[in-house]
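Here's a quick briefing to read with the structure open in your viewer. Have a look first, then work through the points below.

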Amino acid sequence: MAETTDFELDELPENIGLHVTDLVRVWHEARAEDPEQIVPSRDILTAERLRPWIDDITIYEYMPLKEDFVVRIDAPSIVALNGESFQRASPREIDMKYGSCLTAALFNTMMCGQPTFYHVTLAVRADQHWLRVLLPVRTRNRDGYPVDQILGIRFDYEYQYDI
């Protein structure tokens, strides 16, 4: 098992790129379009709106009967980078393989109903630092019942520590 450190950030770092802040802005705009809902609907936050990030988005879907998530769609850019896909797997498998806290981060994001941000460093590959952005959304299944999902996007980023 690899070792990963990941810690939650209270907000987006000030020195993060426009590509990241634009994504979070798009989430907030979609949320504002239907203020009666806790999180944006995928009917509003469509693939078209997410087009600039579409190859970088992993979709984690909450499975209430299992009290777990499943990787519904694994980001093509992450699959290419890691050489493996976790599609249809539980994020717990990712946590076990890499020593990460992804599952806890997904539950945290779902419970708070707001975007969350995590700085992640993969110890096996010391040069791998990234910002994990998790965005809660809601869709509906074929029977019309609500389904909670988290859009996960990973951006290269080395956190600057304040000493």
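Strand β2 (residues 57–63) and β3 run antiparallel, with 5 bridges joining them. Keep in mind that this is a predicted model.

**Hairpin details**

- β2 and β3 make a hairpin, and 4 residues lie between the two strands.
- In the turn, E67 has a positive phi of about 50 degrees.
- Across the pairing, E61 stands opposite V70 in β3.

**Aromatic rings**

- There are 4 aromatic pairs in the structure.
- Take F69 and F107: their ring centres are 5.0 Å apart and their planes sit at 70 degrees, so this pair counts as edge-to-face. The cut-off behind that label is an angle over 60 degrees.
- What does this pair tie together? F69 belongs to strand β3 (residues 68–73) and F107 to helix α4 (residues 102–112), so the contact links parts that are 38 residues apart in sequence.
- Is F69 buried or exposed? With a relative accessibility of 2%, F69 counts as buried, the limit for that label being under 20%.
- F107, on the other hand, is partly exposed, at a relative accessible area of 22%.

**A charge over a ring**

- Which ring does the charged end of R154 sit over? It's the ring of W130, with the charged end of R154 3.9 Å from the ring centre.

**The whole chain**

- The chain has 4 helices and 6 strands, and reading along the sequence gives the pattern β-α-β-β-α-α-α-β-β-β.
- A compact globule of 163 residues would have a radius of gyration near 15 Å, and the chain agrees with that at 15 Å.
- Along its principal axes, the C-alpha trace spans about 45 × 35 × 25 Å.
- Of the 163 residues in the chain, 47% count as buried.
- Among contacts with a separation of 6 or more, 53% come from residues 24 or more positions apart.
- The chain exposes about 9,400 Å², and carbon and sulfur atoms supply 51% of that area.

Terms used: Residues are numbered from 1 along each chain as its sequence is written. This is a predicted model: local features need pLDDT of at least 70, side-chain atom pairs count only at pLDDT 80 or more; totals for chains, interfaces and linings use all residues. Side-chain values use heavy atoms; hydrogens and water are left out. Rings of Phe, Tyr and Trp (its six-membered ring) pair if their centres lie within 6.5 Å; planes under 30 degrees apart count as stacked, over 60 as edge-to-face and the rest as tilted. Buried means under 20% relative accessible area, exposed over 50%, partly exposed in between (1.4 Å probe, protein chains only). A charge sits over a ring if NZ of Lys or CZ of Arg is within 6 Å of the ring centre and within 35 degrees of the ring normal. Two strands pair if DSSP finds at least two bridges between them. The radius of gyration is taken over C-alpha atoms; the globule rule is 2.2 Å times the number of residues to the power 0.38. Contact means heavy atoms within 4.5 Å. Accessible areas come from the Shrake-Rupley method with a 1.4 Å probe; for residues, only the protein chains shown count as cover.
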